[in-house]
Amino acid sequence: MPAMDKLFAGSIPEIYDTYMVPLIFEPYAFDLARRVAEAAPAQVLETAAGTGVVTRALAPLLDKSASYIVSDLNQPMLERAAARQGADERIVWQQADALSLPFEHERFDAVVCQFGAMFFPDRVSGYREALRVLKPRGRFLFNVWDRIEENDFARIVTDVACSIFPSDPPRFLARTPHGYHDVGLIEAELRMAGFTAIEITTLRHRSDASSARAAATAYCQGTPLRNEIEARDPKALKTVTDRAADAIAKKYGEGPVSGNIQAHVIVARA
């Protein structure tokens, strides 16, 4: 994976949180939070927390005596998450690498990770780390995006960006967020890491935006696709955003727009 794919810095965290989170992440965050909370865990670890959409959904569902460590490798994203969260003495914010967790063996009842596994440079190692820090009978819950063809706005934005740079197409969205969708591979890598009980569910939701431009801005400027575009032409970001907005509006109309999104939800135990 190119290093640029993991670079959420500059204005990206704010735009990501403002546009991307309500556009595609919130419905899956509520789903994941519900699944975590149903077992009433006392010790919870969240990895790759981003700007904290799962944290905001899960914290109200946990017992008042629970302990909740929220971590991310990317400090600007974690800072944005902490700033958004209300005061809560149960939560500890900690920068941490999901592939090398700074926690003792068998500490947590649940490890949760929303749309982070696709960014792991070695997913089996990341899964082994989750298993290592889980208590016996603990659960590892995470989700990943399905293929880009099942995610309407991401597909349209990628097609537009590739048409503008045909000789060197920016394919961040297809390559990384939507590049780990093979459920057979996901299950095989979890088993390699030591998990034996694995449940995978595919969930479709709607992605709603106030306008085609809001959807285009989310993907073009609130993700590392922005880095890819600016690396090819520093002046092209507006052009790609404008054309993506036009393409979304052409298909979904003026005013509010709504498209399909689809992801896999995984619950794994040793």
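This is a predicted model: local features need pLDDT of at least 70, side-chain atom pairs count only at pLDDT 80 or more; totals for chains, interfaces and linings use all residues.

Residues are numbered from 1 along each chain as its sequence is written, and side-chain values use heavy atoms, with hydrogens and water left out. Helices (H or I, at least four residues) and strands (E, at least two) are DSSP runs, numbered from the N terminus.

**Helices α8 and α10**

- Helix α8, residues 212-221, packs against helix α10, residues 237-252, at an angle of about 135° with the axes 8 Å apart, where axes are lines fitted to C-alpha atoms, for helices over the stretch in contact, and angles run from 0 to 180 degrees between N-to-C directions.
- That angle makes α8 oblique to α10, since angles under 35 degrees count as roughly parallel, over 145 as roughly antiparallel, 65 to 115 as roughly perpendicular and the rest as oblique.
- The contact (heavy atoms within 4.5 Å) involves residues of α8 including A212, R213 and C220, and residues of α10 including L237, D242 and I248.
- Sorted by class, this contact of α8 with α10 has 10 nonpolar, 3 polar and 2 charged residues, where Ala, Val, Leu, Ile, Met, Phe, Trp, Tyr, Cys and Pro count as nonpolar, Asp, Glu, Lys and Arg as charged, and the others, Gly among them, as polar.

**A closer look at α10**

- The 16 residues of α10 should span 22 Å at 1.5 Å a residue, and this agrees with its end C-alpha atoms, which are 22 Å apart; the expected span is 1.5 Å times one less than the number of residues.
- The buried residues of α10 (under 20% relative accessible area, with exposed over 50% and partly exposed in between, for a 1.4 Å probe and protein chains only) are L237, V240, T241, D242, A244, A245, I248 and A249.
- What covers these buried residues of α10 includes α5 (152-164), α8, α9 (225-232) and β7 (257-269).
- Just after α10, G253 takes a positive phi of about 95°.

**Helices α1 and α3**

- The axes of helix α1, residues 12-37, and helix α3, residues 75-84, come within 9 Å and cross at roughly 50°, and the two helices are therefore oblique to each other.
- Their contact is made by P13, E14, Y16, D17 and T18 of α1 together with P76, M77, R80 and R84 of α3.

**Residue R132**

- R132 lies in helix α4, residues 123-133, and, not counting residues up to four places away in sequence, R132 touches L101, F103, E104, H105 and E106.
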